[in-house]
Amino acid sequence: MDFAPFDKRNYPVLSVEEGYGEWAASYEATVLELMDVRLLQRLRSVAWSDVVRAADLACGTGRIGAWLKSKGVRAVDGIDITAPMLAQARARSVYGTLKQGDLAASGFESGAYDLVAENLAQEHLPSLAPLYNEAARLLRPGGRFVTVGFHPFFLMQGIPTHFDRASGGSATIRSYVHLMSDHVRSATAAGLALTEMEEGLIDDAWVAHKPKWEAWRHRPVSFALVWSKSVSTK
Ligand SMILES: C[S@@+](CC[C@H](N)C(=O)[O-])C[C@H]1O[C@@H](n2cnc3c(N)ncnc32)[C@H](O)[C@@H]1O
């Protein structure tokens, strides 16, 4: 569902390419690893160093590609729709193939990946089905799809993904709220089974970075899901 009815900030709303095109210059300085890397580090069902080939959907500036390589993943391909984000990923030199395009139509090889990652892009997708279908298409049987998202509970408090504009003021990027049941429905239809889930809460570490978020203490702000492709699915 559209984020608009929940919006309490009423910042100007930009498209994905406009928004991340503008945010790209300051993105790395603003995104906090508390949101995603802290959850990835908690996962127990992914043997990162056994992964030979991974695909990073919506790879952005390449943060997660770099993190995967640091955990022993041998090769990572990436795709993102926003050219200025992708330019930073290219400069990192951690990816094999790197493409500009829609994550739902990556054109990467079917059944060839041990791991598919998608980090912090789901809230910009009108529907989750194309993401899960693409992840399932890319995975080899037994492969894992790891996805980290901005928590729907947090979005429903009225706080969207937003950034400070170089020109002054803040802007947000068009967002959608996907319930956890939407994830389960789309993943199950794509032939993926839930293997692990983690949720990140607003705690001391968050409040140290964002004192105003004391008001959201104990609320879940992000989640990580690990899905597995059955060894008997195509
Ligand atoms: C918050 S950034 C996350 C980037 C990276 N995964 C990370 O964790 O740092 C969201 C990214 O999703 C990309 N994106 C959003 N919708 C997309 C789509 N349909 N296809 C490809 N990329 C998309 C944006 O261009 C942006 O780079």
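What covers the buried residues of helix H5? The cover includes strands S2 (53-57), S5 (113-119), S6 (139-150), S9 (192-201) and S10 (220-229) and helix H7 (180-189). The model is predicted: local features need pLDDT of at least 70, side-chain atom pairs count only at pLDDT 80 or more, and totals for chains, interfaces and linings use all residues. Residues are numbered from 1 along each chain as its sequence is written.

Helices (H or I, at least four residues) and strands (E, at least two) are DSSP runs, numbered from the N terminus. A residue is buried if 20 or more other C-beta atoms lie within 10 Å of its own, exposed if 12 or fewer, and partly exposed in between, with C-beta atoms placed from the backbone. Two residues are in contact if their C-beta atoms, placed from the backbone, lie within 7 Å.

**The sheet**

- An open sheet of 7 strands runs in the order S4-S3-S2-S5-S6-S10-S9, with mixed pairing; two strands pair if DSSP finds at least two bridges between them.
- Strand S4 (98-100) and S9 are the edges, and each has a single partner strand, so one side of each has no neighbour in the sheet.
- On average, neighbouring strands of this sheet are turned by 15 degrees against each other, direction ignored.
- S2 and S5 are joined by 4 bridges in the parallel sense, and aspartate 56 has alanine 117 in S5 as its bridge partner.

- Helix H5 (residues 129-138) is mostly covered, with 7 of its 10 residues buried.
- Those buried residues are Leu131, Tyr132, Glu134, Ala135, Ala136, Arg137 and Leu138.
- H5 lies across S2, S5, S6, S9 and S10 and runs at about 160 degrees to S5; axes are lines fitted to C-alpha atoms, for helices over the stretch in contact, and angles run from 0 to 180 degrees between N-to-C directions.
- H7 lies across S9 and S10, at about 155 degrees to S9.

**Nonpolar cores**

- A nonpolar core is a set of buried Ala, Val, Leu, Ile, Met, Phe, Trp, Tyr and Cys residues joined through C-beta atoms within 7 Å.
- The largest nonpolar core has 50 residues, of which Ala54, Leu115, Val116, Ala117, Tyr132 and Ala135 touch the most other members.
- Another core, of 8 residues, lies apart from it and includes Phe150, Phe154, Leu155 and Val221.
- Not counting residues up to four places away in sequence, tyrosine 132 touches Ser186, Ala187, Ala190 and Leu192.

**Around the ligand**

- Among the 21 residues around the ligand, Ala58, Gly60, Ile81, Thr82 and Ala121 come nearest; a residue is near a molecule or strand if its C-beta atom, placed from the backbone, lies within 6 Å of it.
- Helix H1 (16-30) and helix H3 (63-70) are the elements that give two or more residues to this shell.
- By class, the shell holds 12 nonpolar, 5 polar and 4 charged residues. Ala, Val, Leu, Ile, Met, Phe, Trp, Tyr, Cys and Pro count as nonpolar, Asp, Glu, Lys and Arg as charged, and the others, Gly among them, as polar.

**Helices H1 and H4**

- The axes of H1 and helix H4 (residues 83-92) come within 7 Å and cross at roughly 35 degrees.
- Tyr20, Gly21, Ala24 and Tyr27 in H1 meet Pro84, Met85 and Gln88 in H4.
- This contact of H1 with H4 has 5 nonpolar, 2 polar and no charged residues.

- Strand S8 (residues 170-173) has Ala171 and Ile173 on a covered face and Ser170 and Thr172 on an uncovered one.
- S1 and S8 are parallel, with 2 bridges, and leucine 14 stands opposite isoleucine 173 in S8.
- Strand S7 (residues 162-164) runs antiparallel to S8 with 3 bridges, and histidine 162 has threonine 172 in S8 as its bridge partner.
- The hairpin of S7 and S8 has 5 residues between the strands, where glycine 168 takes a positive phi near 105 degrees.

**Single residues**

- Asparagine 10, in the segment before strand S1 (13-14), has a positive phi of about 55 degrees although it is not a glycine.
- Leucine 120, in the loop between S5 and H5, is likewise not a glycine but has a positive phi of about 65 degrees.
- Leucine 120 is partly exposed, because 19 other C-beta atoms lie within 10 Å.
- Arginine 44 sits in the loop between helix H2 (37-42) and S2 and is exposed, because it has 9 other C-beta atoms within 10 Å.
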